[in-house]
Amino acid sequence: MKLQLLIAGSVAAFLAFSSQAAEQKIDGIAAIVNNGVVLDTEVTDMVNKVKRNAQSQGQTLPSDRALRTQALERLISNSLQMQMATRMGLQITDPQLDQALENVARGENLTMEQFRQRIVEEEGDYQQFRERFREEITAGEVLRANVQRRIYISPQEIDSLMKVMEEQGASNEQYNVGHILIAIPNQGSTEEINDAKDRADKVMKLLREGSDFKKIAIASSSDSTALDGGDMGWMNINEMPTLFSDAIRGKKKTDVIGPLRSGAGFHILTIFDIRGANVAEMNEVKSRHVLIKPSIIMSEEKARDTLKQFVADFKAGKADFAEFASANSEDPGSKLKGGDLGWADPSMYVPAFRDTLNNMQLQEVSEPFRTEHGWHVVQLLEKRVVDMTAERKQDQVYRMLFNRRFNEEQANFLRELRDQAFIEVLAETE
């Protein structure tokens, strides 16, 4: 009997402990996303980051509850994209991440040590920032891989847009657009659609009465740009979704436009700023590079160190670039030409390669850097501004149409990803 009582007491104590531990664990979870979770601390960190950014820019913000809701939505979307990356086998390696961070630092004219110090001052923890940046790059790659394959642009579409642009003249204005989405559920009922329309009308009323667009976007928008105040960045009118471009054409800075109805819901737009750009000219660079691809035989470290030694030898006058490229480069398109890539618009290259070129001086040779293709060194030989030939105009028009379609399909992909997921938002803990 004593043994039975002892066992019963132990079991009761264990169950009580387990229940308490489970309760404490659940208390720290903001949402369950398929087989993953979003933690309360992640939500709090994101809210605090938005507050710091707003304070530095003198921007007013909505309530903490509205901020928390938007932060949680962003983190749920991030979690779904990270899970997709795992299923795809997509991973951003440490060398790729280091290179991306170095490009950011270089773009802001900072050494890596200065960059780290600034991040510590602004964010508090450099390693945490580094991993968040890895997630941002991974999410971008998930979108690129899944959205690109949905896009087809026909020669007829290119010809049609070229004719429109020729009729408009060479001036090609760019718009910094703000966007608020009042979403409706897939296959929403009449009542749900009417409710969304009422909310959109109330938002329009607030904006017409002078409310701050970015504050309202953070509080009300269901779009992925909500925590950025709805800022979609700079776009040519032909890169916008067709619904937006048709509505914005001819409008002025600070105009408020909408609500515009689409399958996703009701859209409200504003124009934060407008700037002109001339499409008759294009910046080109002439460069050469060496590519070494890591493999079972060639490790990441060996590939990088091989190129690092080459750069040192080249700067010391002990190595010839063309000879080294011909003997060692694994880029079949340039290997036989001594690594020569010819004249090109830098934007045609992958981001890390493009950013490296854009931050170099003439005749400069880069340090080894990583892209998805492998390890590179590149030398910037010349720069020029050229008149756009018909072929180049076609390329630019293709990019505009691609960006427009990408913006549309990205929103569709993210919505489908969420609709197919199991998501449970837990009650907010104190």
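How many salt bridges does a search of the whole structure find? The search finds 27 salt bridges; the model viewed here is predicted.

**View 1. The salt bridge between R130 and D98.** The side chains of R130 and D98 meet with N and O 2.4 Å apart. R130 belongs to helix α6 and D98 to helix α4 (residues 94-107), so the pair links distant parts of the chain, 32 residues apart. R130 is buried, at 10% relative accessible area, whereas D98 is partly exposed, at 30%. Both residues belong to a network of salt bridges that also includes D94, E131 and R134.

**View 2. The salt bridge between R118 and E108.** Here the N to O distance is 2.4 Å. R118 sits in helix α5 (residues 112-123) and E108 in the loop between α4 and α5, 10 residues apart. R118 is partly exposed, with 29% relative accessibility, and E108 is partly exposed, with 35%.

**View 3. The salt bridge between E300 and R370.** The closest N and O atoms of this pair are 2.7 Å apart. Because E300 lies in helix α11 (residues 300-315) and R370 in strand β9 (residues 369-371), the pair ties together parts 70 residues apart in sequence. R370 counts as buried, at 10% relative accessibility.

**View 4. A patch of negative charge on the surface.** E42, D45, E135 and E136 gather in this patch. Helices α2 (40-57) and α6 (126-148) each give two or more residues to the patch. E42, in helix α2, is partly exposed, with a relative accessible area of 33%.

**View 5. The two sides of helix α12 (residues 321-328).** The buried residues of α12 are F321, F324 and A325. Seen down the helix axis, these residues fall within an arc of 100°, so they line one face. The face turned away from the buried side carries the exposed residues E323 and A327.

Technical notes: Residues numbered from 1 in each chain as written. Predicted model: local features only at pLDDT ≥ 70, side-chain atom pairs only at ≥ 80, totals over all residues. Heavy atoms only, no water. Patch = residues over 30% accessible without salt bridge, like charges linked within 9 Å, V, L, I, M, F, W, Y side chains within 5 Å. Areas by Shrake-Rupley, 256 points an atom, 1.4 Å probe, with all protein chains shown as cover. Salt bridge = Lys/Arg side-chain N within 4 Å of Asp/Glu carboxyl O. Lys, Arg positive; Asp, Glu negative; His and termini not counted. Charge placed at Lys NZ, Arg CZ, Asp CG, Glu CD. Helix = DSSP H or I, 4+ residues; strand = E, 2+ residues; numbered from the N terminus. Buried < 20%, exposed > 50% of the residue type's maximum accessible area, 1.4 Å probe, protein only. Arc of directions from axis to C-beta.
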